Amino acid sequence: MQTLIFRTTAPFLAALMILFSIFVTLRGHNDPGGGFIGGLIAASAFMMYGIAAGVQYVRRALYFHPISVAAFGLVLSATSGILSLFEAQPFMTSQWTFPTIMGVEVAISTPMFFDIGVYLVVMGSLTSIALKLEEE
Amino acid sequence: MEGVLSILVGIFFAVSIYLMMSRYTIRIMLGIAVLGNAVNLLIFTSGRLMREVPPIIPVGELVPPGPTANPLPQALILTAIVISFSFLAFLLVLAYRAYQELGTDDIVEMRVAEPADEDLPPVSY
Amino acid sequence: MAGNADNAVDFAAGMLVAPTSAVDWLIVAPTLITIIGGASLVMLRYQAKWHGYLTCFFLAMLVVVDAILLARVMEHGPLTMTMGRWMPPFGISLVVDALGALMALISAVVALTVCVYSLADISVTSTRFGFYPSLLWMMTGITGSFLTGDIFNLYVWFEVMLISSFGLLIVDGERVQIDGAVKYAVLNLMATTLFLVTTGYLYGAVGSLNMADIAVRLREMPAGAAPMGTIATLYLLAFSMKAAAFPVNFWLPASYHTPKIAVSAIFAGLLTKVGVYALIRTLVLVMPEGRDLLSDVIAWIAALTMIFGAIGALAQNDVRRSFGFLVVGGIGSSMVGVAVGTEDAITGAILYAVNSILVMTALYLAFGILMRKNGGKYNLADLGGGYKASSWLSILFLALVFAASGLPPFSGFWPKLILVEASLKEGYGWLAFAVLLSGFITTIAMGRIWAHAFWRGGPIGTVDGRDAAPLYTLSSVVRHRVFVPVMALVAMIVYIGVNPSPVFSVSQYGASTLLKPDHYIAAVFGPVAAQRTVMNEDHATAEGQEDAGAAKSRGPNSNRANSNRANSNRANSNREGAH
């Protein structure tokens, strides 16, 4: 797939898709979206970039090995459930905080970190499989 | 409506069982793919069908005002879809590797682990 | 805790507001330790040499946590924790009773021994491929299955266990492993899908997924209101497939001998027993009516499985496949207890499962040591001279032969005795005979393996082993890593054989909880009942909550008397509100 047009546009498209995947993940708490679908979008961005530019560029752009990213996501998801230990509540009870950052009230919660963990797991594992298949 | 879907589930199961009784791994994989969908549809049906009323409780209430769609089967199906999707992906890769390594996709000919010409155990020293 | 201050909701109507003590977190700790442990090993993928030691550390933590959990269950009765403090039966409850805690503890111990053995057995390549994370995640699935109180959650843990076991099975990517893995994967996937199908039916019939809630609802339903026969039969088929009971067992001897011996050992020890556990849990605790309907079918399956397993073991030249058939035979013995169904019989089934976990793992590991010494030979005809090479190993192996055959003074004797006695008491004379017959055939099969591999001087064709190739001696590091696990397992087997009363009393308590699930149900719904009592005292005028609670108040109220002990402290400290 070494066409000039695809090669030139792929980085921009991939960046846009990753931005969109983050947007989809973060809106997922109350609206359609969430970590799983966001992770799929991000993984397809990396797959597309891999097809356009070559797998080694994707690996360099990712810096960490995708499987390590997935493992980090798993740790993040599991840890986000543990925070309720300190509030004397059962595992996975959601914790919320509403700090005001630059005049905007931002809702930060453990479900959000859980979703980010899911995002990383899906993105990492699917990217890893796809890159492996593209290399062959 | 449940009756119609039950028949559909039955057809799905029949197709998948027919495919899984094949000797060729690729047909077994197709059967497993259909089986996963049959199960999802079955769970959906057994949660009872309802018009598309979202199960949202208004502010100040403790129960939904009227009958709503059952959200639990949808959560179960979502889990089951993800699991069956990942398993199918794994099985396809495994079947492909098996075809490469063993040179056949006929399970009757896959006798590497259980060789057909194995000796009988010794009966004495 | 409320999301926005302006639309605050009374959480007490749908959530448990009583504070959870940190001790209750022990219930989720086993799964958390293994999940996070496995994930951190994957993140440390370039430090492969630390993987084995870290895994042993995590599994040692798992053993400690499970032991504390078992001690607490024996002291306080079943423990429960509902995820996200949703009120049962709506949240996913993890419930630990004596059966679950005992099985979790034994599995953790076995996994730890296998991990120590793996330090010598698993190559750096396999480690890079992810052997140790898969091992830890498989333990997540196994312990999760033992500790969950939600039937769909049980399915999810089954899948976690299954997908990591695939990873372990094909860790070296050899031809023979891929061949075994195809059969293992397809049939196990069918079994878990069948489990899911049945869970769908059960949900359709009962409208709940919480095991305690299903148990209450099924007991209150008029006879014939739910298709119990269909559901119980499908569960029996699904879990028989997982457990490798007779007509659906052929995947096990086809695949269990293909991976590394450490993997075979942990598979043989744990995976099939999870199937047996699930069978006991669903048929005895959740739907006793279904078990009563099927008891004769289960008895036939159990008898055929035992006999078939023993005869299969007798017919194999490959010793590892012979052990595979022994695993199948052991499943039959556990199913005898499910078929008979009295408290003694269930106790025997649990004890036999414990015995089988320890013995089968130890057998594979001990045979692995012999294979290391003779350069990887596993056919009965090629073996010999084991006693001359290592008298210790042959003594350990002989103990395992006795334990697997059910001879005293080892752990296999007591469960068989209990099962035979319980079968005779319930009029299942032929089943008792089948137990004894399979024990007899197993004794022949195992005795022959021991005599050929250890007692005789050398393989066929040598004169008393004089011109046979000498067996290797192991370096001292390897020797410690392979012998310590086997010795630890044999020590446990001997201990249970000589002093069965501790394990017996735990199993008996587990069996009585299963047959009279009042305590189990009270443990799940106790907090709800306690909270409702406090709430009714507080706002006697709250009408809306009556509607919300009406659907689920039957179970807790009828059992509140039993839950005093567990909940009095929670009820007292219940005033911490959510708003």
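**Chain C, domains.** I started with the domain assignment of chain C, which gives domain 1 (22–516) and domain 2 (524–579); the bounds come from an automatic or database domain assignment. Taken over C-alpha atoms, the centres of domain 1 of chain C and domain 2 of chain C are 39 Å apart.

**Ground rules.** I'm working on a predicted model, where local features need pLDDT of at least 70, side-chain atom pairs count only at pLDDT 80 or more, and totals for chains, interfaces and linings use all residues. Residues are numbered from 1 along each chain as its sequence is written, while chains are lettered from A and ligands numbered from 1 in the order in which they are written.

**C against B.** Next I looked up the interface: 39 residues of chain C contact 36 residues of chain B (contact: C-beta atoms, placed from the backbone, within 7 Å). On the chain C side, the elements giving two or more residues are helix H6 (151–169), helix H7 (175–206), helix H10 (251–255) and helix H22 (544–550) of chain C. Helices here are DSSP runs of H or I with at least four residues, strands are E runs of at least two, and both are numbered from the N terminus. H7(C) supplies the largest share of that side, 17 residues. Sorted by class, I get 22 nonpolar, 12 polar and five charged residues on the side of chain C that touches chain B. Nonpolar covers Ala, Val, Leu, Ile, Met, Phe, Trp, Tyr, Cys and Pro, charged covers Asp, Glu, Lys and Arg, and the others, Gly among them, are polar.

**Confidence in B.** I then checked pLDDT, the predictor's confidence in each residue from 0 to 100. Chain B averages 88, with 99% of the residues at 70 or above.

**A helix pair in C.** How do H11 (residues 261–286) and H14 (residues 343–374) of chain C pack? Their axes are 7 Å apart at an angle of about 170 degrees, so H11(C) is roughly antiparallel to H14(C) (over 145 degrees counts as that). The residues in this contact include Ile261(C) and Lys273(C) on H11(C), and Tyr364(C) and Met371(C) on H14(C). I count 18 nonpolar, five polar and one charged.

**Chain A.** Last, chain A has five helices and four strands, in the order α-α-α-α-β-β-β-β-α from the N terminus. Its C-alpha trace spans about 55 × 35 × 25 Å along the principal axes.

Notes. Two residues are in contact if their C-beta atoms, placed from the backbone, lie within 7 Å. Axes are lines fitted to C-alpha atoms, for helices over the stretch in contact, and angles run from 0 to 180 degrees between N-to-C directions. Angles under 35 degrees count as roughly parallel, over 145 as roughly antiparallel, 65 to 115 as roughly perpendicular and the rest as oblique.
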